[in-house]
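Hello,

Here is the structure I said I would pass on. My notes on what turned up in it follow below.

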Amino acid sequence: MKQVLIIVSLVIIFSSCKENKGSVNTAISEETLRAHLEILASDSFEGRKPFTEGEKKTLTYLENEAKKLGLKPGNGNSYLQEVPLVEIHGHPSDTLHLTGKNNLSLKLGEQFVAFTQRAEDSVVIENSEVVFCGYGIVAPEYNWNDYEGLDVKGKTVIVLVNDPGLGNEDSTFFKGNAMTYYGRWTYKYEEAARQGAAAIFIVHETTMAGYPYNVVQGAGSGAKLNLRSIGYEPVRIQGWLSLDATKLIFSSAGMDLQPIMQAARKPGFKPVSLPYTASMMIKNDVKEDVSQNVVAIIPGSETPDEYIIYSAHWDHFGIGAVVNGDSIYNGAEDNATGTAALLAIAESMMKSDPPKRTIVFLWVTAEEQGLLGSAYYAAHPIFPPEKTVANLNLDAMHSFGLTNDFSLIGYGQSELENIVKKYVEQQGRYVLPDQQPEKGSFFRSDHFNFAKIGIPALYGKGSADHKEQGKEYATEQLKRYNTERYHQPADEYNDTFDVSGMLQDLDVYLQVGQELGSNAQWPKWKEGSEFKSVREKGRQ
C-alpha cells in the first residue's frame with residue numbers, strides 16, 4: 001500500500017510539472033500584464049501616435065491606472081510632463097531627379113524615401129551637386145573624417161549606414177562589430193547639417209541597418225514629429241536610398257558600387273563626386289503642439305531625494321500605410337509590452353514594503369520619432385540626474401517564451417550588470433552580451449538619453465537562447481519578428497502571445513529595482529565607458 005501511495009504521489013508531481021511547463025515563479029502578475037497589453041495594443045488605441053486620439057486614450061489610461069495603484073504624481077501635482085513638439089507632414093515629389101550624362105528619375109517609396117526636419121511650408125534642392133561621402137563620419141578619436149578637404153555646402157551627400165567597424169574583428173577600430181553612435185542614422189543627418197549639406201541620403205542595406213527596407217518605407221511616410229527646438233539647423237532634405245537604386249546611380253555613372261563601398265571602410269578614403277545634380281521638393285503641413293510624458297512615483301521612506309527611474313515609451317506609429325489590408329500600427333511588442341510592464345512592476349511594488357528611495361515610473365512619448373520624449377526629459381529632468389541612481393528601461397519585450405539567456409544591450413558599460421547577473425543566475429540563466437551589436441541597439445531606445453546625462457542605464461532581455469528549442473530557434477524568431485512584424489501593422493497582440501519570457505525578465509527588473517531602492521548603492525560606469533566622465537562631473 002505504501003509503495004502504491006509513493007507511485008501515485010510521483011505521478012501527481014510529474015503531472016503537475018507537465019501542466020506547469022513554461023511557468024514562471026515571479027511576483028509579477030501575468031493576468032495584469034496581459035490585461036494591459038490587450039488594451040494598449042488594441043485597434044481602439046489607434047497605434048498610440050502622439051497628437052492623435054490614440055495619444056489621448058493612452059495618457060488617460062496610464063494616468064487612471066497609476067491612480068488606481070496608488071502611485072503619486074511625479075511632476076509636482078501632475079502625472080504629466082509637457083513635451084513641446086512640431087509635427088511636419090511632408091509631401092515629397094514623386095521623383096528625385098538626377099541630371100547628368102545619363103538622367104535618372106528615382107521613384108518615391110520604391111527607390112527612395114525623403115522627409116525634412118525643417119518646419120517650413122516647403123523645402124527644395126535644385127541642381128545640387130551629388131557626392132558620395134563614405135560613411136559620413138567625423139570621428140577624431142579614430143582619426144577618421146569622411147568630409148576631410150571637402151566643401152559640401154549646398155550639395156547632396158550619399159552615405160552608407162552603420163560604421164566602418166562592422167565586420168572587423170579589431171574591437172579598437174571603431175568598436176568592431178558593435179555599432180558606435182557614429183553608425184546611427186540620426187548622427188549622419190546631424191553631421192551632414194554641421195557640414196552645411198543641402199540634402200543627405202543614407203544607403204539602406206539590410207544587414208548593415210539591422211532591418212529591411214520596408215521599415216524605412218513605412219517610417220518615411222506620413223507625419224513626423226520633432227522637438228520644437230533641436231539645437232541646430234537641419235539639412236533641407238534627408239532620407240534613404242534603396243540599395244538597388246544606389247547601384248543604379250553608380251552603374252549609370254560608369255562606376256561599380258561594391259569596390260567603392262569596400263574602399264570606404266578603410267582609412268584615407270576620399271569622397272567620390274558623382275556626375276549628377278539632384279532636384280526635388282517637399283511641401284509641408286506644419287503643426288505645433290504638445291505631447292506628454294507620463295510620470296508617477298512611489299515616494300521613498302528614508303531618502304526620497306534619491307531616485308530609480310523605470311522607463312518605457314508608450315508611443316507607436318499610429319495609422320499609416322496599408323499593409324495586407326491593415327493600416328493600424330498597433331505596436332504590441334514595440335512597445336505595449338514595456339508600457340504594460342511598468343504597470344505590472346508598480347503593482348507588485350505597491351504590495352511590498354515602501355522603498356527607502358523614490359521609485360519613478362516614466363512613460364515617455366515619441367520614441368519612435370527619434371527618442372524625443374526621453375531627450376526632452378534629459379534636457380529638462382524632473383529629478384536631478386546627480387541624484388538619480390539608475391535608469392531601468394524596458395522596450396520591445398519578446399513573445400516567444402522562456403530563455404536561458406538575459407542579453408544585455410551595451411554589455412560592459414556599468415556596474416548595474418553585477419546586480420543583474422545575481423538575479424539572472426538565481427533563475428538558472430546566464431547573462432549574455434548583445435548578440436547583434438552591429439544593430440546599435442544601445443543607441444536605439446530611451447535609456448541612451450539617460451546615459452548621455454551620466455545616469456547608469458540598464459536595457460536587457462532574454463532573446464538568444466530559447467529554454468527548450470535552443471539558440472537557432474531564438475534566432476529564427478527574432479528574424480521573423482524583424483522581417484514580418486517590426487514597425488508593421490502585423491505587430492498585434494493575440495492570445496498566442498507567450499509572455500512567460502517577459503515575466504522572467506520582469507522578475508529581474510523588479511528585483512534590481514527593489515535592491516537599489518532599499519540600500520545606499522550608487523552603481524558606477526565601468527572604465528572605458530564614454531559616459532563615465534559625465535557622471536563623475538555631475539556628482540562632484
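To begin with a turn: in the hairpin of β16 and β17, with two residues between the strands, N324 has a positive phi near 55°. Strands β16 (residues 318-323) and β17 (residues 326-329) run antiparallel and are joined by three bridges. I319 has I328 in β17 as its bridge partner. Helices (H or I, at least four residues) and strands (E, at least two) are DSSP runs, numbered from the N terminus, and two strands pair if DSSP finds at least two bridges between them.

Before the rest, a word on the source. This is a predicted model, in which local features need pLDDT of at least 70 and side-chain atom pairs count only at pLDDT 80 or more, while totals for chains, interfaces and linings use all residues. Residues are numbered from 1 along each chain as its sequence is written, and side-chain values use heavy atoms, with hydrogens and water left out.

Other strands

Strands of a sheet pair through backbone hydrogen bonds, either parallel or antiparallel. An open sheet of three strands runs in the order β21-β20-β23, and its pairing is mixed. β21 (430-433) and β23 (460-461) are at the edges with a single partner strand each, so one side of each has no neighbour in the sheet. Strand β20 (residues 405-408) is antiparallel to β23, with two bridges between them; L408 stands opposite G460 in β23.

Strand β11 (residues 199-203) is largely enclosed by the rest of the structure, because five of its five residues are buried (buried means under 20% relative accessible area, with a 1.4 Å probe and protein chains only). A199, F201 and V203 point one way from β11, and I200 and I202 point the other way. Five bridges join β11 to strand β9 (residues 156-160), and the two run parallel; V159 is opposite I202. β11 also runs parallel to strand β13 (residues 237-241), again through five bridges, and A199 has I237 as its bridge partner there.

Rings and charges

The whole structure holds 30 aromatic pairs. Rings of Phe, Tyr and Trp (its six-membered ring) pair if their centres lie within 6.5 Å; planes under 30 degrees apart count as stacked, over 60 as edge-to-face and the rest as tilted. F132 and F269 are edge-to-face, at 5.9 Å centre to centre and 80° between the planes. This pair links distant parts of the chain, 137 residues apart: F132 is in strand β6 (residues 122-132), and F269 is in the loop between α8 (257-263) and β14 (272-298). Both F132 and F269 are buried.

The ring planes of Y182 and Y187 stand at 85° with centres 5.1 Å apart, so this pair is edge-to-face. Y182 and Y187 are both buried. They belong to a cluster linked by ring pairs, which includes Y142, W144, F173, F442 and W525.

Two charged ends sit over rings (NZ of Lys or CZ of Arg within 6 Å of the ring centre and within 35 degrees of the ring normal). K224 is over F115, 4.5 Å from the ring centre, and R539 is over W522, 3.7 Å from the ring centre.

Regards

Notes. Buried means under 20% relative accessible area, exposed over 50%, partly exposed in between (1.4 Å probe, protein chains only).
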